[in-house]
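Open the model in your viewer and show it as a cartoon.

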Amino acid sequence: MVTPELKNKTSEKYYYEDGRRFNSSVRYILPSDKEENARLLEQHLCFKNLLDGNYLAPVKQQLEKGIPVLDSACGYGASWTVEMAKDYPNSQFFGVDISDGFPAKGRAPINTSFSIGNVAKEIPSPDNTFVFAYQRLVFAALTGEDWDNNLREMYRVIKPGGFVQLLEHNLTPYSEGPLFTEACKLMEQGFESENFIFYISTELKDRLENAGFINCVTKITEYPVNHGTNGDSNWRALRGAFKGASPLLTKFFTGGDGEGKYDRFLDAVGNEVTEYRSYVKFYTIYAQKPFIDQQK
Ligand SMILES: C[S@@+](CC[C@H](N)C(=O)[O-])C[C@H]1O[C@@H](n2cnc3c(N)ncnc32)[C@H](O)[C@@H]1O
C-alpha cells in the first residue's frame, strides 16, 4: 500500500516505493527495512532447517578453536553472523552489507563486528584475512561482472587453505502449476531487466573455479513451498520476496494493476503450490583457496 508521505521520499542512501524502503546506493530488487529484516530471519531458519545446520564446509574444528570468519552481504539483521558467533565464541565474525542497521553494540555477541561495504566492488578487509567466508542469497543484486568482482574479492580476502561457501536459490519450479510457473517467470523477467543472473546457482562451480578456488563441493536441496515440514514458513519467506520485489515485478505482471490484484495473485500461488506440492531448489557450494596461490 503506497502511503503518500512515503512514496518517492528520498534520502541520500534510501528511497521509498510502495511504502517500503530501498537502498539507493546499489541496484538491489528487495527492500532494506524492518519488514525485510523479519523476512530474512524467517528465511534464515528455513535454510538452516533444510540443511540441518548453518554451514557445510569442513571448518567445524577450526571454528571451535577460533578463526576469523566473513559473512558477505550479511543482511540488515545478520541472522547467520549472530547465530554462528553464539555457536562459536572463540571465532571472530565480520559482517559486511550495503545496508546498515546491523545489530547494535551490546546486543550483538562481542565476537562480531560489522561494516558497510559493497561486496560487488570491494570487501573492506586486507588480503588473506579469513579462514572461512560465507555468502548467502545475493543473486537479486549482482550482474555477471559483479559476480566476477565479488568472487575475486572473496578469493583475495580468504587465507590460503581457507574455505568459501555460497548459497543461492534456483527458482525453477518443480511439480508446478500455472500460477507458480507464472510467478517464477515474473522473477526471471525482473532479473533479466536488471542484468542479474537468474540461474546463477548452476554457474557457481565454474565461477568459483575461474576465480581460483579448488575442491568445489555442491549440494542441491529441495525447498518445498507451502507443504510438508516448515513448508508454510518456506512459502512466507518466498512470498515475502515476491511481495518485496513488487515495484519491479508488477511491471511484468499481466494480471491487472488494480488495487490488491498482485497480492491476490500471490495468495492464489500460495494455494496452488500446496495443492501441487510444488518446490524449488537451492544450491550450497563450498570450495577451498589453494595453499599455493594459483590466481594469475
Ligand atoms: C536476500 S538478502 C540476504 C542476507 C543474508 N545473507 C541472509 O541470507 O540472511 C541480500 C543482502 O544483500 C545485500 N546487498 C545487496 N547488494 C549488495 C552489495 N553490492 N554489497 C553488499 N551487500 C549487498 C542486501 O542489503 C541484503 O542485505
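**Stop 1: a helix on the sheet**

Select helix 3 (residues 79-87): it lies across strand 3 (68-72), strand 4, strand 5 and strand 6 (130-136). Against strand 4, helix 3 runs at about 175 degrees. Axes are lines fitted to C-alpha atoms, for helices over the stretch in contact, and angles run from 0 to 180 degrees between N-to-C directions. Contact requires C-beta atoms, placed from the backbone, within 7 Å. Helices (H or I, at least four residues) and strands (E, at least two) are DSSP runs, numbered from the N terminus.

This is a predicted model: local features need pLDDT of at least 70, side-chain atom pairs count only at pLDDT 80 or more, and totals for chains, interfaces and linings use all residues. Residues are numbered from 1 along each chain as its sequence is written.

**Stop 2**

Now select strand 4 (residues 92-97) with strand 5: the two pair in the parallel sense over five bridges. Pairing needs at least two DSSP bridges between two strands. Pick Phe-93; opposite stands Thr-112 in strand 5.

Widen to the open sheet: seven strands, order 5-4-3-6-7-9-8, mixed pairing. Strand 5 (112-116) and strand 8 (214-224) stand at the edges, each with a single partner strand, so one side of each has no neighbour in the sheet. The twist averages 15 degrees from one strand to the next.

**Stop 3: the whole protein**

Select everything. The protein has nine helices and nine strands. Its C-alpha atoms fill a box of roughly 60 × 45 × 35 Å, taken along the principal axes. Among contacts between residues at least 6 apart in sequence, 74% join residues at least 24 apart.

How values were computed. Contact = placed C-beta atoms within 7 Å.
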